[in-house]
Amino acid sequence: MKLVKLAAFACAMALPVSADAKPPLREVKEIDNELYYIAIANEISEYCPSISGRRMKAIGVMWSLRSKANSLGYSDGEIRAYVESDSEKARMRAKGEKYLSQNGVSYGKAETFCALGRKEIERNSAIGVYLRAN
């Protein structure tokens with residue numbers, strides 16, 4: 001009986017350790033990357049008048065990402081804190097601006113956003129799936 005109690009105690013002690021061992025959501029690539037693709041697509045659709053965002057698709061994916069994060073043990077509060085974090089928004093913006101710049105996009109020239117958007121749509125890339133040419 002002592003062995004059973006000891007095993008139960010050991011299991012109980014191990015649970016909080018594994019729950020605390022979750023990486024920050026920014027390090028969960030399947031979630032962070034998808035939010036990044038949606039953000040880039042949104043930026044392209046905001047600056048290019050001939051391309052629109054597939055917002056319903058993005059919303060559906062975001063709900064799926066929330067469910068995925070919940071299944072990985074993240075609470076709604078943790079997810080909200082990650083999504084609303086000013087530092088995470090700044091990190092995502094810097095990462096996105098670097099990508100845009102590397103692909104010839106200039107904020108002063110809407111056509112550069114359109115060119116990248118058309119390229120992403122044509123490639124059916126992770127970004128392109130969230131865009132539609134008007």
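This is a predicted model: local features need pLDDT of at least 70, side-chain atom pairs count only at pLDDT 80 or more; totals for chains, interfaces and linings use all residues.
A residue counts as buried when its relative accessible area is under 20%, as exposed when over 50%, and as partly exposed in between, using a 1.4 Å probe and protein chains only. Residues are numbered from 1 along each chain as its sequence is written, and side-chain values use heavy atoms, with hydrogens and water left out.

**Overall layout**

- You'll find 6 helices and 2 strands here; these are DSSP runs, numbered from the N terminus, with helices being H or I of at least four residues and strands being E of at least two.
- Walk along the sequence and the pattern reads α-α-β-α-α-α-α-β.
- A contact means heavy atoms within 4.5 Å. Take the contacts with a separation of 6 or more: 68% of them come from residues 24 or more positions apart.

**Salt bridges**

- Side chains of opposite charge can pair when their charged atoms come close.
- For a salt bridge, a side-chain nitrogen of Lys or Arg has to be within 4 Å of a carboxyl oxygen of Asp or Glu. Searching the whole structure turns up 12 of them.
- One of them joins Glu 30 to Lys 68, with 3.4 Å between the closest N and O atoms. This pair ties together distant parts of the chain, 38 residues apart: Glu 30 sits in helix α2 (residues 29–47) and Lys 68 in helix α3 (residues 55–71). Glu 30 counts as partly exposed at 48% relative accessibility, and Lys 68 is partly exposed at 31%.
- Another joins Arg 93 and Glu 43, at 3.4 Å from N to O. Here too the pair links distant parts of the chain, with Arg 93 in helix α5 (residues 86–102) and Glu 43 in helix α2, 50 residues apart. Arg 93 is partly exposed, at 42% relative accessible area, whereas Glu 43 is buried, at 11%.
- Arg 55 pairs up with Glu 46, and their closest N and O atoms are 3.4 Å apart. Arg 55 is partly exposed, with 44% relative accessibility.
- Some residues join up in a network of salt bridges: Arg 26, Asp 32, Glu 88, Arg 91 and Lys 95.

**How α2 and α6 pack**

- Two packed helices are described by the angle between their axes and the distance between the axes.
- For α2 and helix α6 (residues 110–123), the angle is about 135° and the axes are 8 Å apart. The axes are lines fitted to C-alpha atoms, for helices over the stretch in contact, and angles run from 0 to 180 degrees between N-to-C directions.
- That angle makes α2 oblique to α6, because under 35 degrees counts as roughly parallel, over 145 as roughly antiparallel, 65 to 115 as roughly perpendicular, and the rest as oblique.
- Which residues meet? Glu 43, Ile 44 and Tyr 47 in α2 touch Ala 110, Phe 113, Leu 116 and Gly 117 in α6.
- Sorted by class, this contact has 5 nonpolar, 1 polar and 1 charged residues. Ala, Val, Leu, Ile, Met, Phe, Trp, Tyr, Cys and Pro count as nonpolar, Asp, Glu, Lys and Arg as charged, and the others, Gly among them, as polar.

**A loop residue to look up**

- Asn 124 lies in the loop between α6 and β2 (131–133).
- Its phi is near 55°, a positive value in a residue other than glycine.
- Is Asn 124 buried or exposed? At 56% relative accessibility, Asn 124 counts as exposed.
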